[in-house]
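Keep the sequence beside you as you read.

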Amino acid sequence: RLLQDAAAKAVAQEDPWAQYNMKEIPAERVIRHLYQPESKTWIQDETIVKMQPEAFTHGAMRYCYRLKKRATLPQSASNHRFHNYGWNQASNYVAKAYHVNGEIDTSEGAKEAV
């Protein structure tokens with residue numbers, strides 16, 4: 001019952017990230033890499049995201065960024081209305097990037113650590 005109450009409250013809640021003005025951030029088309037544990041392989045797909053340019057926090061190993069992700073791209077994804085519409089309903093995520101000495105680490109070692 002507690003889980004049902006929490007889920008109902010979350011569904012009824014407004015966007016918890018509305019205060020961060022994500023609608024002002026330009027939308028970007030990105031390639032998402034998804035790991036398939038059954039086959040131990042990676043697949044790729046395209047999606048549209050908005051990500052804050054500055055990390056909102058960091059730890060010893062990673063920076064954290066607020067990110068909103070739209071649903072899967074429609075065939076007409078070049079249509080600018082798709083890029084601009086409905087970001088209040090987009091899913092909220094935290095994107096993470098490894099860093100070394102304050103710089104984002106794009107080395108093969110960092111990529112393999114994911």
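S3 and S4 form a hairpin, with 3 residues between them. Strand S3 covers residues 57–58, and its pairing with S4 is antiparallel, over 2 bridges. Thr57 stands opposite Cys64 in S4. Strands here are DSSP runs of E with at least two residues, helices are runs of H or I with at least four residues, and both are numbered from the N terminus. Two strands count as paired if DSSP finds at least two bridges between them.

A word on the source: this is a predicted model, in which local features need pLDDT of at least 70 and side-chain atom pairs count only at pLDDT 80 or more, while totals for chains, interfaces and linings use all residues. Residues are numbered from 1 along each chain as its sequence is written, and side-chain values use heavy atoms, with hydrogens and water left out.

Now stay with S4. What else does S4 pair with? Strand S5, residues 91–100, runs antiparallel to S4 and is joined to it by 8 bridges. Lys69 has Ser91 in S5 as its bridge partner. Strand S2, residues 41–51, is also antiparallel to S4, with 3 bridges joining the two. There, Met51 has Leu67 in S4 as its bridge partner.

Is S4 mostly covered or mostly open? It is mostly covered: of the 8 residues in S4 (residues 62–69), 7 are buried. Buried means under 20% relative accessible area, exposed means over 50%, and partly exposed lies in between (1.4 Å probe, protein chains only). Across the protein, buried residues make up 25% of the 114 residues.

Next, look at the core. The largest nonpolar core has 6 residues: Val49, Tyr63, Tyr65, Leu67, Ala95 and Ala97. S4 and S5 are the elements that give two or more residues to this core. S4 gives the most, with 3 residues. A nonpolar core is a set of buried Ala, Val, Leu, Ile, Met, Phe, Trp, Tyr and Cys residues joined through side-chain atoms within 4.5 Å.

Pick out Tyr63. Contact means heavy atoms within 4.5 Å.

Finally, step back. The protein has 3 helices and 6 strands. Along the sequence they follow the pattern α-β-β-β-β-α-β-β-α. Of the contacts with a separation of 6 or more, 48% join residues 24 or more positions apart.
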